[in-house]
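Open the model in your viewer and keep the selection tool ready. The tour starts at the ligand and then zooms out.

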Amino acid sequence: MKYYSTKSKVTNGFKDGVSFATAALTGLAPDGGLFVPAEIPRYPKAVEMSFPQMAFHDIAVETIMPFVDGEIPVSILEDIVQSAFNFSAPLVIVGDRLVLELFHGPTAAFKDFGARFMARAFSFLRRGEDNPLNILVATSGDTGGAVADGFFGVEGISVTVLYPKGRVSPLQERQIAGLGGNIAAIAVEGSFDDCQRLVKAAFADEGLKKRMVLSSANSINVARLIPQAVYYATAAAEVLKRSTEVGWDWQPNSRVSFCVPSGNFGNLTAGLYAYTMGAPISRFIAATNVNKTVPEYLQTSIYTPRESQKTLSTAMDVGDPSNFDRILANWSLNTLRKFITGVWVSDEDTKKAIADVHEKYGYFLDPHTAVGWAGLDLLNIRSVMELYPYAVLATAHPAKFAEIVEPLTGSVPVPTIIQNAMLRKPCAKTIPADLNALMDVI
Ligand SMILES: *Cc1c(COP(=O)(O)O)cnc(C)c1O
């Protein structure tokens, strides 16, 4: 598969394609665009027909393979998938809807899928290289933890995570700075924007480039995006399988729809890949918080990027989602409208959903997942399990945001994975928000 920059598509009609390895290890295209696959592959018919019988890891391999064809051999891909996705993604029934729990990985959020695959893919793509690869990443909290954990112990790669001192939660700090080994943490006296500015400045520094091989691992990396198509395909297959098992009155053409709580729109992009490949999916709801640039665009055809506004679903506070360019590189607005409905949700409705769902079903939603749940309510969408079930993607474990959830529900059970992370001792170097200070420590 060749990859092209979203910008080069406009300027030179997709001329200079690069390999998966280049797209993944470079991160951002040299012209500032995002890498997109030349085409979205289709599952072979035989695979499509046997979806309900296939195991999670087999669907994962079939989904990722065409994107890395000729660069990662199937047997290696099988190993990568086994070791990256060593936790489950259960589909649970809550009321008359399904919830796809994507928070059973080591940092209790769906970003583990992308980060863990990316780490292992990087390690393979750089096999035989003498110089270690240095990954520099800025985080406001969640991404840093997933990247740190994903790369922890991966040979030949070291990671430096910059985070704003005192502005991440105690759990996030332990996920970023509590691992040690090949993961270094730097607490910057400043904001997330300062951290991002420092990382950009470090990448632009010629001296540093001579001294070490640098790469980024931020959320626009195509190696983080593609593995996220996997859980859409496996969940869609699971719905077909269950519909025969529990005696649902399943119709051959009935398919699951997904409601995706969205911020930077990487998750939804991956869903559209799975859909286009031929996974048995009906449609999508793109739910945002008050940062409603995309739902508004779907409604009015006018794209108005804005400064992001702070909400309860912080990981979705994005006013100008960068992955949306990726979506527009593949689909026109009119086509998108056929299978995506946008909706935006206020903090008030988000809280109401957390409280209501707990009261009615005893189920805990985190604030991001609650945006998805409330979005379906606002659109008045009825999910009929036997005919057209709706699945809300649960993007984080509620215990990760206990300070928001618990006042609405009472105490949230804390999974062992989070309990163990809380026992770690965070160890970070503190620096002022200054490039020279950063250069001194890396
Ligand atoms: C990153 C994140 C999102 C948003 O995902 P995008 O791919 O940026 O749209 C939603 N929920 C949680 C918990 C996240 O960490």
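Select asparagine 267 and the ligand. A backbone N or O atom of asparagine 267 sits 2.9 Å from an oxygen atom of the ligand. That is a polar contact, a pair of N or O atoms within 3.5 Å. The protein covers 95% of the 380 Å² of accessible area that the ligand has on its own; such areas come from the Shrake-Rupley method with a 1.4 Å probe.

This is a predicted model, where local features need pLDDT of at least 70, side-chain atom pairs count only at pLDDT 80 or more, and totals for chains, interfaces and linings use all residues. Residues are numbered from 1 along each chain as its sequence is written, and side-chain values use heavy atoms, leaving out hydrogens and water.

Next, pick glycine 266. One of its polar backbone atoms is 3.1 Å from a ligand oxygen. Move to glycine 263. Here a polar backbone atom lies 2.7 Å from an oxygen atom of the ligand.

Now show the whole shell. How many residues surround the ligand? There are 15, and the closest are Lys111, Gly263, Asn264, Phe265 and Thr395.

Zoom out and colour by secondary structure. The chain has 21 helices and 13 strands; these are DSSP runs, helices (H or I) of at least four residues and strands (E) of at least two.

Along its principal axes the trace spans about 65 × 50 × 45 Å. Colour by burial: 57% of the 442 residues are buried, meaning under 20% relative accessible area (1.4 Å probe, protein chains only).

Technical notes
Near = heavy atom within 4 Å. Polar contact = N/O pair within 3.5 Å; in protein donor to acceptor, adjacent residues only side chain to side chain. Buried < 20%, exposed > 50% of the residue type's maximum accessible area, 1.4 Å probe, protein only.
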